[in-house]
Amino acid sequence: MAKSNFVIRMGGESGEGIVTIGEVFVRIAAYSGLEVFTFRTFPAEIMGGHVMYQARIGRERVLSQGDEMHVLVAMNQEGFENHIKDLIPGGCLVYDSDVFTPPESSRYRPYAVPVTDLSKQINFSRGKNLIMVGALGQLFGLPLDKSEQMVERRLGKYQSLLPLNLESLRLGRDYVREHYPERPPFYLEPPESPTEERLVMTGNQATALGALAAGCRFYSGYPITPATSIMEFLAHELPQFGGTLIQAEDEIAAITMAIGASFGGAKAMTATSGPGLALMIEAIGHASMTETPVVIVDVQRAGPSTGMPTKTAQGDLFMALYASNDEAPRFVIAPDSVEDCFYQMVNAFNLAERYQVPVIVLTDQAMSERVETIRPIDWKGITVIDRLVPELEDGFGGDGYRRYALTEDGISAMALPGMRGGHYVAEGLEHNEIGAPNYSPEMHRAMTEKRHRKVESARRELRDWSVVHEWGDPGAEIGIIGWGSTKGTVREAIARAMNEGIRVGAIFPEMLLPMPDVEIRAFLANKRIIIVPELNYRGMFGDVIAHRYNVKVRHVTKYDGLPFQVRNIYNAIAEAADDLVSGVLGCWSPCGGRESPSKEQYIDQGQGTADVLLMRAGGDS
Amino acid sequence: MITLAADEQLNVRDLKSDVKPIWCPGCGDFGVLNSTMKVIVDLHLDPASVAVVSGIGCSGRFPAFLNAYGFHGVHGRALPLATGLKAARPDLTVFVVGGDGDAFSIGGGHLSHAARRNIDITYVVMDNEIYGLTKGQPSATSPSDILELSTRGDSKGNRKGMMGLLNTHRAEDALNPLAMVLAYNASFVARGFSGRPKELAELIRAGAEHRGFSFIQVMSPCVTFYNTYSHLRDTMTDLPADHDPADKFKALALALDSSAMYTGIFFQEQRPTFDERVDAMRRQPSENYMDQVLDRFMP
């Protein structure tokens, strides 16, 4: 019987085409109208080392990489040994029988495919990957016509090899049809006629596309795993849009060049990972002080220090929210899916331009590299906001124009070089309204308030920005509040819990600074147990929520470099449900101790009680 | 370069801003400021299309004193700030001003890259061989006996000042900025002296007119902490009249010559600039180019 979705994993030596097999298979599935969600690990070595490519594929939208593995494709002994323990009992093992022979076992169903021999039949050893793809497609129910069309579309530029490539695909299919005519226990059922078009992309690709759609025309960056693919993509595309990309000499130069370009009027960004963001902190304060729009993407990885560049984490939250000498108002956005990376980048540029602030976008390694099917993008329907520029009177003296005018919403018109009568100094020193250095207590207070006022203005306007995802049972007493790429896993865990009759609701703000207080307070108001899942040791977001909204939270943290599994979240929900029944409403501190609760502790104390994030909240009733 | 219309007149007085310089009376930086304003006037530049980018130090205040666009950056980052600006806005005339700390210490890592990119900006380094704003610590261009010199003066009684107490520089030798920048492949390398503003203006003008990265080391004495005016007047000499600025090896030899402190254009060559080469890669996209990009993500 077809499951609603299944997980297939390819394992083997790097360079053996594991990723090629996976990617082609996934594209055929998506082309056949199925939803996909991939997960892969990378070897530490540049050449060689073990590679794993996993895809979860199904008819319904796939939300996470899945806890179980149903099909293992082993291209060599090591691929078998490394992954067989994860295969569910009764799962399928597909392997290259010319390379190795797995031991007999009742735990799995073996499917031997003599890939090397088959390729020799047509004297085309480069077709091995496609032989395996053909075999897998036949076994698990991908239509051959779609497979052939995909190969033609993807490999069509090698016209002379196309007949051999298609032949390889058919060899794999025919071998399986002859030797394994029975359907395996897990198989896919693509829709008869795919109704909706889909796009297939990684988080970093969605991030880069969002930047382009938002009008980004300048990128400067320094190579760093796992952010580099954003730069590689834009290096090709930005010049096609009339834009500029510079590979900077380091991250400090990267952010500074972007700020310089933005001063000149370009919508500018950089992307990096944690170590790079650490180097950019002083310059982010500079952008905040000079009120120069700039977007910084941080593709988080496990750390600290060099840490684990190819593993995921959500540990840069405090750095993004707070890191600065003194206070440097900035916005922080956390997309929560591959598709959301696109739209939150649009928000990031729009917010940066509208409020003239640095905007930090937090994604992570897992989301950046994985492939998801997403809905088509209507880029023409996107609202693009440009910064406010002044009406100027021509002249050399520039009398009358005040770059840093103290306005009600904190936003002052920004002249661009070339505009007569608009010259000013973008001043990193404390300055007066025209931008001249000024250290008076009155001016510093007024300008500090002006810069923070922009955050408060944004907080009021947030409701128009669609930056909160809320779902599940709003009346539930168990609530999950999270951020970033954990959302899909949480969705799945909640669906499972609700299926079993547990009432639970969830909220994921995509805007982390300023926080959408109104929505979060409303969500928290009736909750008795609040679970905050995230991929860091301390439970940073949980701490922010606890302090800002004066509530106790249960931290559910994971810090092994890998994403959550659905069961991690489900178990926390189930335990909370038990505790609700037994009346033990304890909350966990990060070190695991339980405190005895009183009901009031779980209930929002109202407005303005715990404004930890910002000096002066309010005005958002 | 965007210049004023033929009937528009600009003089140095128009360029002076209302912000009064905070520099000590006699500071070498006044000479650099005046020379720069003279160059803008002489080249008939539209000040609205001039941007002056600075870092931190006494020199960092420079942009506030003239009526043009300015960016006062953080310490050491004036070059990348200007690189981003010029790359995004090739139409602007961009001057970068800074001191020896900005150029050779905290921001030293950017100098080689600005030079090799040949970004079309003019970098005027006001080298006073000391940290003035933080009150007299040795810099990367300080001679290793600067503490003795500033305390007791040299054999002629020059170079006295109120040097700070940091004696660690005895263990370090000074950089040779010109030799360094020549090795970095800068396409315009010159040295001037703020005490000779007329010559200095000629150098800055030549640098501004040069297409590519122009590096001008301006000896700009700190009257308070390390007053080198008389010493520099005694030792600075014009480059030999027969020096050919196209001769890089000769330029390097003159830069390394410790017996003399030459002023003038050491080296100049014309080669494509970064902004020109970047601009050549740009395309004007068709209206539906984004659709073509997105189509690549169809399965």
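What share of the 299 residues of chain B counts as buried?

Guide: The share is 53% of the 299 residues of chain B. A residue is buried if 20 or more other C-beta atoms lie within 10 Å of its own, exposed if 12 or fewer, and partly exposed in between, with C-beta atoms placed from the backbone. This is a predicted model, in which local features need pLDDT of at least 70, side-chain atom pairs count only at pLDDT 80 or more, and totals for chains, interfaces and linings use all residues. Residues are numbered from 1 along each chain as its sequence is written, while chains are lettered from A and ligands numbered from 1 in the order in which they are written.

Stay with chain B. Its secondary structure comes to twelve helices and ten strands. Helices (H or I, at least four residues) and strands (E, at least two) are DSSP runs, numbered from the N terminus. Along the principal axes, the C-alpha atoms of chain B fill a box of roughly 75 × 45 × 40 Å. A compact globule of 299 residues would have a radius of gyration near 19 Å, and the 20 Å of chain B agrees with that. That radius is taken over C-alpha atoms, and the globule rule is 2.2 Å times the number of residues to the power 0.38. Contacts tell us about the fold too. Two residues are in contact if their C-beta atoms, placed from the backbone, lie within 7 Å. In chain B, 74% of the contacts with a separation of 6 or more come from residues 24 or more positions apart.

Here is one example. B:Ile2 sits in the segment before helix H1 (12–15) of chain B. Leaving out residues up to four places away in sequence, B:Ile2 touches B:Asp46, B:Ser49 and B:Asp91. B:Ile2 counts as partly exposed because it has 14 C-beta neighbours inside 10 Å.

Move on to B:His44. This residue lies in the loop between helix H2 (28–42) and strand S1 (50–54) of chain B. B:His44 is partly exposed, because 14 other C-beta atoms lie within 10 Å.

Now look at where chain B meets chain A. The contact takes 45 residues from chain B and 56 residues from chain A. On the chain B side, strand S2 (69–72) and helices H3 (78–88), H5 (108–117), H11 (274–281) and H12 (289–295) each supply at least two residues. H3(B) gives the most, with eight residues. By class, this side of chain B has 28 nonpolar, eleven polar and six charged residues. Ala, Val, Leu, Ile, Met, Phe, Trp, Tyr, Cys and Pro count as nonpolar, Asp, Glu, Lys and Arg as charged, and the others, Gly among them, as polar.

A strand pairing also crosses between the chains. Three bridges join strand S15 (residues 425–427) of chain A to S2(B), and the two run parallel. Strands pair if DSSP finds at least two bridges between them. In this pairing, A:Ala426 stands opposite B:Phe71.

Chain A has 18 helices and 23 strands. Of its 621 residues, 55% count as buried. Its C-alpha trace spans about 85 × 65 × 45 Å along the principal axes. For 621 residues, a compact globule would have a radius of gyration near 25 Å; chain A has 27 Å, which agrees.

Finish at strand S10 (residues 268–272) of chain A. Five of its five residues are buried. A:Ala268, A:Thr270 and A:Thr272 cover one side, and A:Met269 and A:Ala271 are on the other. In a regular strand the side chains alternate between the two faces of the sheet. Strand S8 (residues 218–221) of chain A runs parallel to S10(A), joined by two bridges. There, A:Phe218 stands opposite A:Ala268. Four bridges join S10(A) to strand S11 (residues 294–300) of chain A, again running parallel. In that pairing, A:Ala271 stands opposite A:Val297.
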